[in-house]
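Here is a short report on a single protein chain.

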Amino acid sequence: MREATIRRKTTETDVSAEVNLDGRGEGNIDTSIPFLDHMLNLFSRHGLLDLTIRSQGDTAIDAHHLVEDVGICLGQAVRKALGDRKGISRYGTAVVPMDESLCSVAMDLSGRPYLIWRAKLGEGRIGEFDPALLREFFKSFSDHSGITLHINLNYGTNIHHMAEAIFKAFARAFREAVAIDRRIEGVPSTKGSLDV
């Protein structure tokens, strides 16, 4: 089983993340930020990975530190669970509609982190959540997982729907990229390595 657990404790946050890449889409999420819980449950369900996250932090000041650190821990857990990346499909793409919103995500489990974020979510809030923090989450995730990640929100008008389209497309692309292809021997790279 491709599983990993990571814990990160600082003076600002305390985060633990447990992933099983070969799971059934069972999410057990309590970040203390309800909207982030909702998005990560979508990721778990549509990505078919089992995901447990517990976190708390200085959200009385701002949710920034906690959202960023959840991204760090999740990225580290995914990187650890991927191991040497032998037999993985490596690339994943998805285009997902959510009512009036449409998002496309492409990723490469290359070992080289890179984020392209083209998602204009406006200035409004989703409940108490600042959607500008979603970029910070994905930047942290990309940096610590070693995944090249392109997120393009094609269009949308409802901020909640736009965020859901992003996470569902992210999940479906991730599910495709981490899948084991029995035809692949070793690592799918002419370099012989996917961990720079």
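## Surface and charge

The accessible surface of the protein chain is about 9300 Å², computed by the Shrake-Rupley method with a 1.4 Å probe. Carbon and sulfur atoms account for 47% of that surface.

This is a predicted model: local features need pLDDT of at least 70, side-chain atom pairs count only at pLDDT 80 or more, and totals for chains, interfaces and linings use all residues. Residues are numbered from 1 along each chain as its sequence is written, and side-chain values use heavy atoms, leaving out hydrogens and water.

The protein chain carries 24 positive and 27 negative side chains. Lys and Arg count as positive, Asp and Glu as negative; His and the chain ends are not counted. The centres of the two sets are 7 Å apart, with each charge placed at NZ of Lys, CZ of Arg, CG of Asp or CD of Glu.

## Overall fold

The protein chain has four helices and eight strands. These are DSSP runs, numbered from the N terminus: helices are H or I with at least four residues, strands E with at least two. Along the sequence the pattern reads β-β-β-α-β-α-β-β-β-α-β-α.

Of the 196 residues, 53% are buried, meaning under 20% relative accessible area (1.4 Å probe, protein chains only).

## Strand pairing

Strands pair if DSSP finds at least two bridges between them. Strand β2 (residues 13-20) and strand β4 (residues 50-57) are antiparallel, with eight bridges. Val15 has Ser55 in β4 as its bridge partner.

Strand β3 (residues 27-30) runs parallel to β4, joined by four bridges. Here Asn28 is partnered with Thr52 of β4.

Methods. Buried means under 20% relative accessible area, exposed over 50%, partly exposed in between (1.4 Å probe, protein chains only).
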